Amino acid sequence: MWRRPVIPSRRFGDTGGGLFSSSKSKSSPILSIALIIVGVLFLIAYMYKGSGGFVPLDSVTRVEGGDYLCNREVQRAIPILQQAYGDRMHKVLHVGPDTCYVVSKLLKEDETEAWGLQPYDIEDADSNCKALIRRGGVRVADIKFPLPYKPKSFSLVIVSDALDYLSPRYLNKTVPDLARVSADGILIFTGFPSKKKKAKVAVVSKFGRAAKLRSSSWWTRYFAQNNLEENEAASKKFVQASTKSSYVPKCQIFHLKSLN
């Protein structure tokens, strides 16, 4: 009985034209090693980013125990503030934690001089911050006591992420003093109240107490009780500039007049 001849099957490796050709089989170990290396690098980058690496200083303000949202917001708002305050941004004092980052950002603006006041000792300052301290651009002082400046020393005073840690007793001293050293106004950046957010232990230890984020109505009553008037002209210009630039603040911003 005649049988049909069996044609030997063609193996992909013999012809070199298949999906798993011999040349590709030889390179597969190298490809695997390369993929492993790339994966490890991505994993390291992800972990490093989570610890604060690869993040520009002007986009995240880093301190022990957490990020201060409103310090970052000041940096975002600088172009808007320039439009709202114009020439009054010529000589600026910023008061708040990590003030070195804000001062560095302000100094990049044309015709703007900037100083900073750090409300607690700086233990892990970087080289840039240390240089600002040596030159006297940044000072360390407890804001619960009289500020080390003469009346109307600055055209504008900006304070962020500092008043939230003061009790009403010290607020009654500090806020009028901030207004005292300004000639053209004071800006207060403060967080929105949230029941879900709890202060970390490291943050509490820095200021001696947990942050207490107060509502807009609370601040309005407080300003009225201390004879601090809203700077309506600056507030209106700020809103107009914000609308034009599609800027939405993540903090409460209060525009106040200086004390006469």
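Student: To which residue does a disulfide join Cys100?
Tutor: The model is predicted, so local features need pLDDT of at least 70 and side-chain atom pairs count only at pLDDT 80 or more, while totals for chains, interfaces and linings use all residues. Residues are numbered from 1 along each chain as its sequence is written, and side-chain values use heavy atoms, with hydrogens and water left out. A disulfide is taken as a pair of cysteine sulfur atoms within 2.5 Å. With an S to S distance of 1.9 Å, the partner of Cys100 is Cys129.

Student: How many residues apart in sequence are the parts tied together by Cys100 and Cys129?
Tutor: Helices (H or I, at least four residues) and strands (E, at least two) are DSSP runs numbered from the N terminus. Cys100 lies in helix α4 and Cys129 in helix α5 (residues 127-135), so the pair ties together parts whose separation in sequence is 29 residues.

Student: Is Cys129 buried or exposed?
Tutor: Buried means under 20% relative accessible area, exposed over 50%, and partly exposed in between, with a 1.4 Å probe and protein chains only. Cys129 has 4% relative accessibility, and therefore it counts as buried.

Student: What is the handedness of the disulfide of Cys70 and Cys251?
Tutor: The sulfur atoms of Cys70 and Cys251 are 2.2 Å apart. Cys70 belongs to helix α3, whereas Cys251 sits in the loop between α9 (232-245) and β8, 181 residues apart. Because the torsion about their S-S bond is about -110 degrees, the disulfide is left-handed.

Student: What is the pairing when the bonded cysteines are numbered in sequence order?
Tutor: There are 2 disulfides in the structure. In sequence order, the bonded cysteines of the protein pair as 1-4, 2-3.

Student: Which strands stand at the edges of the sheet?
Tutor: Two strands pair if DSSP finds at least two bridges between them. The open sheet has 6 strands in the order β5-β4-β3-β6-β7-β8, with mixed pairing. Each edge strand has a single partner, so one side of each is left without a neighbour in the sheet; these strands are β5 (138-140) and β8 (252-256).

Student: Over how many bridges do β3 and β4 pair?
Tutor: His94 stands opposite Gly116 in β4. Strand β3 (residues 91-95) and strand β4 (residues 113-118) pair in the parallel sense, and the count of bridges is 5.

Student: At what angle does helix α4 run to β4?
Tutor: Axes are lines fitted to C-alpha atoms, for helices over the stretch in contact, and angles run from 0 to 180 degrees between N-to-C directions. Helix α4 (residues 99-107) lies across β3, β4 and β5, and its angle to β4 is about 175 degrees.

Student: Which residues of α8 make the contact with α6?
Tutor: Contact means heavy atoms within 4.5 Å. On α6, the contact is made by Leu171, Asn172, Val175 and Pro176, and on α8 by Trp218, Trp219 and Tyr222.
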